[in-house]
Amino acid sequence: MRPLREAVSGVRRAPALTVLSVMAIGLSVFSIGLFALTAHNIDLALSDVEGRVEVVAYLRDDASEELIEIARHEIESYPEVESARYISKVEALFEASRELTEFSDIYSDLEVNPLPASLEISLRPDFRTPGDVGAVADRVSSYHFVEEARYGREWVDRVYSLRRVAGGGAAILGLSFAIGAALLIGIAVRMSVLARTREIAIMQTVGATDSYIRRPFLIEGLLTGLAGGLLALALTFGTHQAVERTLVSLAWLPDLWTLAGLAFAGILGMLAAGRAVRRELRRLDVY
Amino acid sequence: MVQLRSVTKSFSGSTPAVLDVTFHLKKGEFAFLTGASGAGKTTILKLVHMLHRPSSGEVRVSRYSSSRIKRRDLPDLRRRVGYIFQDFRLLENLTAEENIAFALQVTGTPGTKIGPRVQKLLNQVGLAARAGAFPRELSGGEQQRVAVARALANEPLVLLADEPTGNLDERATAGVFGLFQRINASGTSVLMATHDAELIRQHRNVRVIELEQGRLVFDSAAEIVA
């Protein structure tokens with residue numbers, strides 16, 4: 001309780017400095033929050049597109065339904081496959097005439113159904129990479145009654161390139177923002193430590209241990225970091241609401257991300273404070 | 001208790017602040033450390049308090065040696081060696097009793113023991129009636145008494161005082177010095193840096209260690225004249 005009380009009194013002693021620190025941390029973490037919001041929405045959009053990646057195996061007209069059903073079960077047992085749905089020739093024609101209404105007259109006048117039966121194979125989320133999709137298409141093609149297996153190779157490649165770019169960009173920008181935030185926190189906490197150099201020197205003179213001297217600063221750093229994290233959360237939420245109202249519909253961050261953001265801000269505050277106070281103690285004492 | 005053996009202290013490139021100084025302050029002894037400004041008095045006190053590391057030679061305080069002490073041992077050493085500054089160095093936002101209690105709190109004294117101990121110290125330095133006053137409400141002599149009480153809080157074996165009467169008038173000086181004598185009479189060694197020749201002249205029975213440009217030029221205990 002005593003270190004907490006001292007940390008709070010430290011905050012009270014220099015309120016302007018504390019507000020400045022909270023704002024520095026808040027703005028830094030806010031930039032990370034904005035980026036997280038963007039990255040999360042790109043990710044959701046990509047997942048949505050990615051969910052549509054499937055392999056379609058077009059079947060020969062002479063394939064027996066019995067064989068097809070056995071094959072369908074086999075394909076569903078592949079580790080990559082989520083489901084395999086059989087579309088008969090009749091269903092294919094029905095869906096085509098429903099989806100392509102402008103050709104409905106042509107479809108209704110046909111004497112022979114030209115559309116092949118097919119198996120629509122959707123893949124599990126972890127197996128939607130170009131390599132996995134290609135491998136499943138190759139395996140399915142080996143059934144003698146499969147005429148052709150298609151999956152839109154270029155399209156799948158493009159989706160994955162986009163995701164890689166988004167992921168790489170997120171990592172680089174996120175790291176840059178985090179380093180910037182850490183530097184700002186370090187400066188703010190160091191200012192707070194410097195403002196209390198006299199107090200620290202007296203503590204050292206009367207024989208306080210380093211860990212005792214450090215503790216209130218660590219708690220102060222944690223509290224400042226958490227306050228900065230809350231400020232960043234409020235700013236990010238405000239931005240989210242403003243964009244939703246005026247520009248485009250956006251998903252809010254998952255709870256786990258917001259909690260991780262707060263924890264990150266708190267830990268960052270504490271680590272930066274620890275580093276600053278350790279340096280200061282070493283500067284004041286030669287041993 | 002406190003031993004300096006051929007101690008030299010230089011600060012980056014300048015002439016040594018302390019040069020080849022050797023003396024021994026025994027348990028329960030009182031000594032003046034004197035010399036003109038810049039003679040090396042404060043450097044000697046900081047070496048004893050291990051705020052400075054000697055460039056050569058060795059400082060021993062109780063069981064600690066400057067050449068072997070670890071950073072983690074410093075708090076224990078500093079509790080055994082009280083330090084008093086010329087400018088008092090009190091925390092302005094704390095009252096007299098809070099300044100004394102501060103020294104006990106930060107060294108881990110249990111809360112229940114702090115109150116009675118602070119009361120005893122306030123009585124010892126004659127400030128019981130001024131316990132709730134802030135430093136700015138106290139005279140120089142009173143502030144120095146608070147600083148002395150703070151230095152005594154952890155019952156040190158040695159008391160180092162750096163020009164403790166430098167900012168005080170004659171009457172306050174006599175009061176603070178009397179306090180040091182009482183502390184010394186109870187068994188605490190005292191090493192008091194001062195350039196107050198009058199004070200030294202008034203107390204001829206007290207050992208005098210004199211420095212000049214960092215060198216020890218006179219020690220009345222050894223009767224050495226350089």
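Author: Before we start, one term: a residue is buried if 20 or more other C-beta atoms lie within 10 Å of its own, exposed if 12 or fewer, and partly exposed in between, with C-beta atoms placed from the backbone. The model is predicted, so local features need pLDDT of at least 70 and side-chain atom pairs count only at pLDDT 80 or more, while totals for chains, interfaces and linings use all residues. Residues are numbered from 1 along each chain as its sequence is written, and chains are lettered from A and ligands numbered from 1 in the order in which they are written.

Reader: Thanks! Where is B:Q213?

Author: B:Q213 sits in the loop between β9 (207-212) and β10 (215-219) of chain B. Strands (E, at least two residues) and helices (H or I, at least four) are DSSP runs, numbered from the N terminus. B:Q213 is not a glycine, yet has a positive phi of about 45 degrees.

Reader: And why does B:Q213 count as partly exposed?

Author: Because B:Q213 has 15 C-beta neighbours inside 10 Å.

Reader: What about phi of B:S6?

Author: That one is positive too, near 50 degrees, in a residue other than glycine. B:S6 belongs to strand β1 (residues 2-9) of chain B. It counts as exposed because it has 12 C-beta neighbours inside 10 Å.

Reader: Switching to chain A, how many helices and strands are there?

Author: Chain A has 10 helices and 4 strands. Of its 287 residues, 31% are buried.

Reader: Which residues are buried in α6(A)?

Author: They are A:D132, A:V133, A:V136 and A:V140. In general, an α-helix has 3.6 residues a turn, so residues three or four places apart point the same way.

Reader: Nice. What does the face turned away from the buried side carry?

Author: That face of α6(A) carries the exposed residues A:G131 and A:D138.

Reader: Last topic: how many residues of chain A are in contact with chain B?

Author: 13 residues of chain A are in contact with 20 residues of chain B, contact being C-beta atoms, placed from the backbone, within 7 Å. Helix α8 (residues 197-206) of chain A gives the largest share of chain A's side, 6 residues.

Definitions and conventions
Two residues are in contact if their C-beta atoms, placed from the backbone, lie within 7 Å.
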